[in-house]
Amino acid sequence: MAEQPESTGAALAAETDAVILVGGQGTRLRPLTVSTPKPMLPTAGYPFLSHLLARIAAAGMRHVVLGTSYKAEVFERYFGDGAEFGLEIEYVVEEEALGTGGGIRNVYDKLRYDTAMVFNGDVLSGADLGAILDTHHAGGADVTLHLVRVPDPRAFGSVPTDADGRVLAFLEKTEDPPTDQINAGCYVFKREVIERIPAGRVVSVEREVFPGLLSDGALVLGHVDSSYWRDMGRPSDFVQGSSDLVRGIAYSPLLEGRTGESLVDPSAGVAGGVILMGGTAVGRGSVIGAGSRIDDSVLFDGVTVEPGAVVRNSIIASGATIGANVRIQDCVIGEGARIGARCELQGGMRVWPGVEIPDSGVRFSPDA
Ligand code: GDD
Ligand code: MG
């Protein structure tokens with residue numbers, strides 16, 4: 001059971017702007033992200049971003065700026081001014097995506113404090129945000145990066161540090177990373193450093209801003225910890241992250257006291273003899289027929305699972321129908337798709353929204 005992180009920097013947090021980058025297209029999660037931006041996908045019963053906002057609020061930050069671009073309007077429609085979440089949320093839209101660094105620069109005029117904590121909007125983490133702020137202020141850093149160790153650092157920014165925690169280099173997505181210590185997608189910036197990022201053009205914080213700061217001799221610190229950490233950008237990680245939230249392996253203030261083997265919306269209908277396990281989440285109005293077994297999966301809203309189906313490690317988007325006695329493993333089923341009775345799908349298959357597969361229409365996996 002994950003515990004609520006002890007915030008040591010609540011006083012610092014009250015004087016820190018939270019900036020969340022949510023402008024990416026979520027390409028690796030297609031087709032789920034064709035209609036919904038990645039941070040808004042249902043995850044353990046809430047749009048993913050709700051969990052991050054709850055952690056930001058719990059750490060003591062109040063003012064949040066969302067840097068949006070792809071499907072920008074969806075965020076404001078859901079979160080509004082943030083009052084319901086105990087926050088004050090503002091939105092800054094990039095008409096043309098400006099990249100991660102450009103996105104940070106683009107919110108500059110909204111900043112209120114001398115310190116900003118910037119988050120990638122697709123990271124599920126249990127880090128003690130107050131402790132990261134402490135590291136930043138105690139070290140007098142220009143920028144402080146949250147760093148974690150991962151088994152395969154090639155898909156991330158590899159960030160070696162010296163014995164004093166000073167960042168030595170920043171190598172974004174290289175084949176031969178110098179260390180398994182990676183950029184966890186959470187940074188503390190001195191406001192003046194953000195002002196110096198070039199405005200009005202595409203800038204990558206990973207490929208341009210951080211390397212530039214290091215070559216200019218800026219003080220960039222790493223804050224390393226061993227908290228829960230996962231980038232939700234790929235289907236397998238998305239499913240695992242959602243399940244870990246449901247089971248309490250990853251902490252969210254929104255799920256306090258409600259963690260367990262499954263999380264079922266009260267409006268969903270679950271027939272007798274259904275087995276829901278492995279952190280499965282079942283969304284609003286979904287209906288699950290008798291004798292089905294759903295393991296380690298995410299069912300969005302209005303999903304129908306007919307009797308006797310077995311679903312494992314998969315994401316089933318809103319309005320999809322899974323026919324009777326279907327077997328699905330490691331798949332993504334798009335909105336409103338229909339998988340006919342007795343089909344067997346596995347091995348990372350992705351079914352596009354609205355596609356209808358006839359009864360017994362698929363009985364193989366792409367790599368079989
Ligand atoms: N506003 C805005 N504008 N946001 C953007 C843009 C943009 O042009 N491009 C990407 N983002 C947002 C995404 O929505 C996401 O929340 C975040 O920036 C990171 O983008 P990803 O596309 O998820 O990047 P990544 O996962 O490949 O790599 C990044 O995250 C890793 C940790 O999860 C890098 O920062 C890596 O260095 C890091 O290790
Ligand atoms: Mg990512």
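1. In which loop does P31 lie? P31 is found in the loop between β1 (16-21) and β2 (42-43); helices (H or I, at least four residues) and strands (E, at least two) are DSSP runs, numbered from the N terminus. The peptide bond from R30 to P31 is cis, with omega near 5°.

2. The model is predicted, and local features need pLDDT of at least 70, side-chain atom pairs count only at pLDDT 80 or more, and totals for chains, interfaces and linings use all residues. Residues are numbered from 1 along each chain as its sequence is written, chains are lettered from A and ligands numbered from 1 in the order in which they are written, and side-chain values use heavy atoms, with hydrogens and water left out.

3. K71 belongs to the loop between β4 (63-68) and α3 (73-79). Most residues other than glycine have a negative phi, and most peptide bonds are trans.

4. Ligand 1 is surrounded by 26 residues, each with a heavy atom within 4 Å of the ligand. The closest are E94, G99, E172, E206 and D231. By class, this shell holds nine nonpolar, nine polar and eight charged residues; Ala, Val, Leu, Ile, Met, Phe, Trp, Tyr, Cys and Pro count as nonpolar, Asp, Glu, Lys and Arg as charged, and the others, Gly among them, as polar. At least two shell residues come from each of α4 (99-106), β11 (181-190) and β13 (229-231).

5. Polar contacts (pairs of N or O atoms within 3.5 Å) also involve ligand 1. A polar backbone atom of G67 is 3.0 Å from a nitrogen atom of ligand 1. An oxygen atom of ligand 1 lies 2.8 Å from a backbone N or O atom of G121, and a polar side-chain atom of Y187 lies 3.5 Å from an oxygen atom of the ligand. Taken alone, ligand 1 exposes 740 Å², and the protein buries 90% of that, with areas from the Shrake-Rupley method and a 1.4 Å probe.

6. For residues 18-245, UniProt lists "domain: Nucleotidyl transferase" in an unreviewed entry; such annotations may be inferred rather than shown by experiment. This span is 29% helix and 25% strand, and its end C-alpha atoms lie 22 Å apart.

Methods:
Polar contact = N/O pair within 3.5 Å; in protein donor to acceptor, adjacent residues only side chain to side chain.
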